[in-house]
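User: I am new to this structure. Please walk me through how to read it.

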Amino acid sequence: MQTKRRRLVPSHRVNIDRVFHALGDPTRRAMVEKLSQRPLSVSLLAKPLAISLAAVIQHLEILEKSGLVQTEKVGRVRTCSIKTAGLSIAEQWLDERRTTWEQRFDRLGDLLAEPDEN
Amino acid sequence: MKAMEKQAVTHHTYVIERSYPTTPERVFAAFSDPAKKRRWYATGGNCEVEEFEMDFRVGGNERTVRRFKPGSPFPGVALINHTNYQDIVPGQRVVIAYTMALGEKRISASLATFEFSPTEAGTNLIFTEQAAFFEAADGTKMREDGWRKILENLAAELARS
């Protein structure tokens, strides 16, 4: 049986300075939020943003370098999506699950430290 | 789009070990006594306990409904556990199979084993969970909420520096 120990630092760890820089801008945060709903073409991503397509492409480059977003060109359409490697929901759930049980066992310890009522 | 439509199941096994300065019988009693179990198992965290019913015997079921408090990742959403007792050996082990659902969607199904062993200092508890997480069960909403939370945390972090 294989057991999996909790990793304190995710192995996929992206460059945190780049991520902070990428998300330090409200337009880029809006783009990430949009893409977290579903992948979009560059033009659809640009549409609700009140900036030029060129500016959107510049922002996308920064997001791509930070490892948050990936783009793929199919035919004449470039599609952008969130790069979820290591940030998968299953991975988050596992962490959440383990934390939940750890907290439970802490509470069990507190309960056992009390004298029995009878 | 393709990745989001994929019905992926992710399997994970993990172990948590604890030692308690008391007898295995007392640790076991915290599992078999519903009032005690409710206190350490259902209560706490960012949820309110709405229901907790248990039938502690092999084949017996347990149902826990907790609801996320305001300010938690999924405010107002119910977190429902359905547990079935697979094996019980007093003072030694409890084996359960359980599913967890977030609202209407099941997010995982697991086999979980609690093993109690006496030590000089008291009792060792070894908890092993073998889980199947249903990736597709998260839905767009949860992915979105997950990301929103990450972004908010980062924004808070940025505001500090």
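**Reading the cores, the sheet and the helices**

Analyst: Start with one residue. Beyond its neighbours within four places in sequence, Ala30(B) is in contact with Leu108(A), Leu111(A), Leu112(A), Lys36(B), Lys37(B) and Trp40(B). Contact means that C-beta atoms, placed from the backbone, lie within 7 Å. This is a predicted model: local features need pLDDT of at least 70, side-chain atom pairs count only at pLDDT 80 or more, and totals for chains, interfaces and linings use all residues. Residues are numbered from 1 along each chain as its sequence is written, with chains lettered from A and ligands numbered from 1 in the order in which they are written.

User: Which residues touch the most other members of the largest nonpolar core?

Analyst: In soluble globular proteins, nonpolar side chains tend to be buried together. Here the largest nonpolar core has 26 residues, and Val27(B) and Ala30(B) touch the most other members. A nonpolar core is a set of buried Ala, Val, Leu, Ile, Met, Phe, Trp, Tyr and Cys residues joined through C-beta atoms within 7 Å. Buried means that 20 or more other C-beta atoms lie within 10 Å of a residue's own, with C-beta atoms placed from the backbone.

User: Which elements give two or more residues to this core?

Analyst: They are α5 (89–113) of chain A, together with α2 (24–32), α3 (34–42), β4 (78–89), β5 (93–102), β6 (105–118) and β7 (123–134) of chain B. The largest share, 5 residues, comes from β5(B). Helices (H or I, at least four residues) and strands (E, at least two) are DSSP runs, numbered from the N terminus. Another core, of 14 residues, lies apart; Ala22(A) and Ile82(A) are among them.

User: What is the strand order in the open sheet of chain A?

Analyst: The order is β1-β3-β2, with antiparallel pairing. Strands pair if DSSP finds at least two bridges between them. β1 (40–41) and β2 (69–74) of chain A each have a single partner strand, so one side of each lacks a neighbour in the sheet. β2(A) pairs with β3 (residues 77–82) of chain A over 6 bridges. Glu72(A) stands opposite Thr79(A) in β3(A).

User: At what angle do α2(A) and α4(A) pack?

Analyst: Two packed helices are described by the angle between their axes and the distance between the axes. Helix α2 (residues 26–37) and helix α4 (residues 53–66) of chain A pack at about 70°, with axes 10 Å apart. They are therefore roughly perpendicular, a label for angles of 65 to 115 degrees. Thr27(A), Arg28(A), Met31(A) and Val32(A) meet His59(A), Ile62(A) and Leu63(A).

Definitions and conventions
Axes fitted to C-alpha atoms, helices over the stretch in contact; angles between N-to-C directions. Parallel < 35°, antiparallel > 145°, perpendicular 65-115°, else oblique. Contact = placed C-beta atoms within 7 Å. Buried ≥ 20, exposed ≤ 12 C-beta atoms within 10 Å, placed from the backbone.
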